[in-house]
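Thanks for coming. I will walk through one structure today, part by part, and you can follow along on the screen.

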Amino acid sequence: MHEATLAENILNIALEAAKQNQAAKIFKIGLTLGEMAGVEVEALTLSFDVLKKNTPADGAELAIKRVPISAVCNKCGKIFQLESYNFFCPACDGILILQSGRELLVDFVDCE
């Protein structure tokens with residue numbers, strides 16, 4: 001389960017941000033998570049809840065913004081939001097190039 005490693009890395013980023021800002025408490029951590037990032041949100045949240053205990057992030061929540069999968073056709077230039085992993089343009093059968101959906105970013109750390 002790589003979500004536990006991701007949760008640990010997210011926590012470390014938040015703890016470092018709190019330390020740099022001389023903050024004693026972390027309230028919220030904002031994440032951007034693409035639909036194609038391969039992350040199970042429930043497992044990530046569960047792992048984070050276990051790891052944050054007895055740290056300045058104890059009680060902090062993850063605010064997760066999901067990003068849909070979007071792609072542009074390399075042939076006709078049309079932009080599509082993908083519902084499945086079909087990477088051929090429905091308009092011209094060209095190859096779709098991903099524009100979004102693979103993100104995994106810590107956007108902000110809300111701390112005291």
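Is Asp-49 buried, exposed or partly exposed? Asp-49 counts as partly exposed because its relative accessibility is 30%. The cut-offs are these: buried is under 20% relative accessible area, exposed is over 50%, and partly exposed is in between, with a 1.4 Å probe and protein chains only.

Two notes on how to read the values. This is a predicted model, in which local features need pLDDT of at least 70 and side-chain atom pairs count only at pLDDT 80 or more, while totals for chains, interfaces and linings use all residues. Residues are numbered from 1 along each chain as its sequence is written, and side-chain values use heavy atoms, with hydrogens and water left out.

I stay with Asp-49 for a moment. Asp-49 forms a salt bridge with Lys-52, and the closest N and O atoms are 3.2 Å apart. A salt bridge here is a side-chain nitrogen of Lys or Arg within 4 Å of a carboxyl oxygen of Asp or Glu. Lys-52 has 9% relative accessibility, so Lys-52 counts as buried.

How many salt bridges does the structure hold? It holds 2. Arg-66 forms one with Glu-35, where the closest N and O atoms are 3.2 Å apart. This pair links distant parts of the chain, with Arg-66 in strand β2, residues 61-67, and Glu-35 in the loop between β1 and α2, 31 residues apart. Helices (H or I, at least four residues) and strands (E, at least two) are DSSP runs, numbered from the N terminus. Arg-66 is partly exposed, with a relative accessible area of 35%, and Glu-35 is partly exposed too, at 39%.

Next, the sheets. Two strands pair if DSSP finds at least two bridges between them. β1 and β6 run antiparallel and are joined by 7 bridges. Thr-32 stands opposite Leu-105 in β6.

Strand β3, residues 70-73, pairs with β5 in the antiparallel sense over 4 bridges, and Ala-71 stands opposite Leu-98 in β5.

Which residues touch the most other members of the largest nonpolar core? Of its 17 residues, they are Ile-10, Ile-26, Ile-29, Leu-31, Leu-44, Phe-48 and Leu-62. A nonpolar core is a set of buried Ala, Val, Leu, Ile, Met, Phe, Trp, Tyr and Cys residues joined through side-chain atoms within 4.5 Å. The elements giving two or more residues to this core are α1 (2-20), β1 (26-34) and α2 (41-51). α1 gives the most, with 6 residues. Another core, of 7 residues, lies apart from this one and has Cys-73, Phe-80, Leu-82 and Cys-89 among its residues.

Leu-96 is found in strand β5, residues 96-100. Leu-96 is buried, with a relative accessible area of 6%. Contact means heavy atoms within 4.5 Å. Leaving aside neighbours within four places in sequence, the contacts of Leu-96 include Cys-73, Phe-80, Leu-82, Phe-87 and Cys-89.

Last, the rings. The structure holds 1 aromatic pair. The ring centres of Tyr-85 and Phe-87 are 6.3 Å apart and their planes are at 20°, so the pair is stacked. The rule takes rings of Phe, Tyr and Trp (its six-membered ring) with centres within 6.5 Å; planes under 30 degrees apart are stacked, over 60 edge-to-face, and the rest tilted. Tyr-85 is exposed at 54% relative accessibility, whereas Phe-87 is partly exposed at 26%.
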